[in-house]
Structure formats: C-alpha cells, structure tokens
Amino acid sequence: LTGLGDEQLARALVAIHEAPGRPWTLATMAREAAMSRSSFAARFKEVVGQPPAEYLTNWRITVAQERLCAGDSVARTAVELGYANPPAFSRAFAQRVGCSPRAWLGSRRD
C-alpha cells in the first residue's frame, strides 16, 4: 500500500480496493487518479512496484481467497470479481496461487 502516500495514486487504489469487480482498464484507473494513462502507468509501477493490471489481479485473488474461505462459490466469486466466467477466474487464480481455487480451498481445509 505504498501508493497510498501518493495523493493521485491513492484515489485509484482506494477505488480498486472498494470495487475490485468493476471492469477496470488502465484508462479507468488513470481517470480515477486524474492522470493520463501513460503517466499513471509509469508512476504506479515506480511507486507500487508492479504494473496496475498486475496489482489489480493480485488484489482480486486476495479478495477471492477471503470469499472462498467464507463459503462463497467459485462461480459467484468469479462473477463478483469481474471475471468473464468461472474458468477465466480459475486460470487467473492458478497462475497466481499455483493451483485451482477448489484445490487451494481443499488444501486449507485439510
């Protein structure tokens, strides 16, 4: 959350955290920060340490893990976090976590 110290980035970060399922694009994130896309992308990576899209995906996976642990279904979680369908969500989850959402959840219960 190092970006919260930057007034413009903070606006985008707060918006992303409050609505991770919104159909975010670089343009919509930059608009939240009242910056151009190129300036936003460069500053975001410099300050936060990763590109905006990567940060968004990581945040969505973090939220997904919390929701899955709370009992939400994979399908519901996928839709609420802005994925086109459960398989798209499962692919993104597996890329970040190393296994499918169901396998990850099962390993937490063992």
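Is L81 buried or exposed? In this predicted model, for which local features need pLDDT of at least 70 and side-chain atom pairs count only at pLDDT 80 or more, totals for chains, interfaces and linings use all residues. Residues are numbered from 1 along each chain as its sequence is written, and side-chain values use heavy atoms, with hydrogens and water left out.

L81 is buried, with a relative accessible area of 0%, where buried stands for under 20% relative accessible area, exposed for over 50% and partly exposed for what lies in between (1.4 Å probe, protein chains only). L81 sits in the loop between α5 and α6, helices being DSSP runs of H or I with at least four residues, numbered from the N terminus. When neighbours within four places in sequence are left aside, L81 is in contact with P20, G21, R60, V63, A64 and R67, contact meaning heavy atoms within 4.5 Å. The C-alpha atoms of L81 and T57 are 9.7 Å apart in space, although the two residues are 24 apart in sequence.

Helix α1 comprises the 12 residues 7-18, which should span 16 Å at 1.5 Å a residue, and the distance of 17 Å between its end C-alpha atoms agrees with this; the expected span is 1.5 Å times one less than the number of residues. At the start of α1, a side-chain oxygen of D6 comes to within 3.1 Å of the backbone nitrogen of Q8. The buried residues of α1 are L9, A10, A12, L13, A15 and I16, and their cover includes α2, α3 and α4.

In helix α7 (residues 101-109), the buried residues are P101, W104 and L105. Seen down the axis of α7, these residues fall within an arc of 95°, so they line one face of the helix, the arc being that of the directions from the helix axis to the C-beta atoms. An α-helix has 3.6 residues a turn, so residues three or four places apart point the same way. The buried residues of α7 pack against α4 (52-69), α5 (74-80) and α6 (86-97).

Aromatic rings of Phe, Tyr and Trp (its six-membered ring) are paired if their centres lie within 6.5 Å, with planes under 30 degrees apart counted as stacked, over 60 as edge-to-face and the rest as tilted; by this rule the count comes to five aromatic pairs. The rings of F44 and Y55 have centres 5.6 Å apart and planes at 70°, so this pair is edge-to-face. Because F44 lies in helix α3 and Y55 in helix α4, the pair ties together parts that are 11 residues apart in sequence. F44 is buried at 0% relative accessibility, and Y55 is likewise buried, at 10%. The rings of F93 and W104, with centres 5.8 Å apart and planes at 65°, also form an edge-to-face pair, which links F93 in helix α6 to W104 in helix α7, 11 residues apart. F93 is buried, with a relative accessible area of 0%, and W104 counts as buried at 12%. Y83, F89, F93 and W104 form one aromatic cluster.

The structure holds zero disulfides, a disulfide being a pair of cysteine sulfur atoms within 2.5 Å. C69 is in no disulfide, and the nearest cysteine sulfur, that of C99, is 12 Å away. C69 is partly exposed, with a relative accessible area of 38%, and C99 counts as partly exposed at 24%.

Notes
Helix = DSSP H or I, 4+ residues; strand = E, 2+ residues; numbered from the N terminus. Polar contact = N/O pair within 3.5 Å; in protein donor to acceptor, adjacent residues only side chain to side chain.
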